[in-house]
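Student: I have a new structure to read. Can you walk me through the ligand site and the core?

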Amino acid sequence: MEYRNLLVERVAQGAVARVTVNRPSVLNALDAETLRELDAAMEAIADDDGMRAVVLTGAGEKAFVAGADIKAMVELGPEAASEFAALGHRLGDRIAGMPQIVIAAVNGFALGGGCELALACDFAYASERAKFGQPEVNLAVIPGFGGTSRLARRIGLPRAIELVTTGATIDAQEALRIGLVNKVLPPGELLGAAQAAAETIAKKGPRAVANAKRSLRAADERPLSQHNRLEIELFGACFATEDQKEGMRAFLEKRPAQFKGR
Ligand code: CO8
């Protein structure tokens with residue numbers, strides 16, 4: 001299959017897929033098309049018996065994924081925004097449900113939807129240059145792709161509340177300290193390390209790996225689905241506010257936002 005915004009390669013004698021989000025001019029921001037392509041690519045990998053693990057990364061030196069595409073979101077209304085958030089959750093569910101282990105190789109900015117994409121993977125390694133955060137409140141919206149659910153489960157509720165409500169950006173060492181990523185590596189070693197982990201997993205019994213993932217994830221699940229519905233609804237509700245338009249327009253016009261609380 002041809003993708004416009006992704007590179008999908010087979011490495012390690014075809015047992016490992018490397019999927020690269022490839023929109024470097026917008027720091028690999030996720031628009032609806034890219035989310036659909038990621039979902040389709042993961043679906044194809046899930047159905048491929050010869051494929052045993054996946055490394056997901058971003059194109060270029062600077063970013064893993066700098067968030068959902070603000071230009072694509074700025075004029076959305078509440079319903080369309082909820083549909084957009086639901087696309088992200090569909091991808092998250094796809095990654096959770098596929099038999100292969102998906103490793104995020106976070107090579108730069110992982111902000112907003114980019115941090116959420118890394119969280120949706122089974123685990124993540126980061127380059128020393130990586131930066132993480134949920135800056136949605138700067139745009140007067142909230143995370144819509146797991147940043148109020150998976151993030152809290154991964155790093156604990158108080159840290160998640162702090163990150164989400166301050167919009168702060170943290171570096172790779174801090175991400176390691178709080179359990180957002182498993183390893184931090186020099187930039188030149190990141191992909192090799194992620195691929196080595198993928199290749200190690202690829203050599204194990206595929207059914208065992210798939211069942212282990214299924215069981216580990218089921219234990220962690222609890223009723224996430226209920227929570228996700230709430231997140232989708234609340235993300236959409238932000239797009240009924242003037243502040244959301246102001247926040248996103250201000251970003252695109254490169255000026256500070258003036259929020260009015262309505
Ligand atoms: N969307 C669209 N374009 C973007 C984005 C983005 N998220 N991030 C960067 N770009 C564009 C910039 O507009 C710029 O374009 P141009 O060259 O045309 O001006 C280009 O990428 C390069 O960016 P900068 O010039 O800004 O690069 P800097 O090095 O100065 O700054 C930053 C890098 C700090 C990463 C900065 O670009 C930034 O703050 N980006 C926005 C980060 C952000 O707010 N992300 C969260 C977005 S909201 C979100 O993710 C909601 C999640 C909901 C999920 C729903 C389902 C997926």
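**Reading the ligand site and the core**

Tutor: Start with a single contact. This is a predicted model. In it, a polar side-chain atom of Lys62 sits 2.6 Å from an oxygen atom of the ligand.

Student: Which polar backbone atom is 3.0 Å from a nitrogen atom of the ligand?

Tutor: Look for pairs of N or O atoms within 3.5 Å. Here the backbone atom belongs to Ala66. Ile70 also takes part: one of its backbone N or O atoms lies 2.9 Å from a ligand nitrogen.

Student: How many residues surround the ligand?

Tutor: Count those with a heavy atom within 4 Å. The shell has 27 residues, and the closest are Lys62, Ala68, Ile70, Gly113 and Lys254. By type, the shell divides into 17 nonpolar, 5 polar and 5 charged residues.

Student: Now the core. Which residues have the most contacts inside the largest nonpolar core?

Tutor: Look for buried nonpolar residues joined through side-chain atoms. The largest such core has 62 residues, and Leu56, Val106, Phe132 and Leu180 have the most contacts inside it. Domain 1 (6–202) and domain 2 (206–252) each give this core at least three residues. A second, separate core has 20 residues, including Ala105, Leu185, Leu190 and Ala193.

Technical notes. Residues are numbered from 1 along each chain as its sequence is written. This is a predicted model: local features need pLDDT of at least 70, side-chain atom pairs count only at pLDDT 80 or more; totals for chains, interfaces and linings use all residues. Side-chain values use heavy atoms; hydrogens and water are left out. A nonpolar core is a set of buried Ala, Val, Leu, Ile, Met, Phe, Trp, Tyr and Cys residues joined through side-chain atoms within 4.5 Å. Buried means under 20% relative accessible area, exposed over 50%, partly exposed in between (1.4 Å probe, protein chains only). Domain bounds come from an automatic or database domain assignment. A polar contact is a pair of N or O atoms within 3.5 Å; within protein, one must be able to donate a hydrogen and the other to accept it, and residues adjacent in sequence count only if both atoms are side-chain atoms. Ala, Val, Leu, Ile, Met, Phe, Trp, Tyr, Cys and Pro count as nonpolar, Asp, Glu, Lys and Arg as charged, and the others, Gly among them, as polar.
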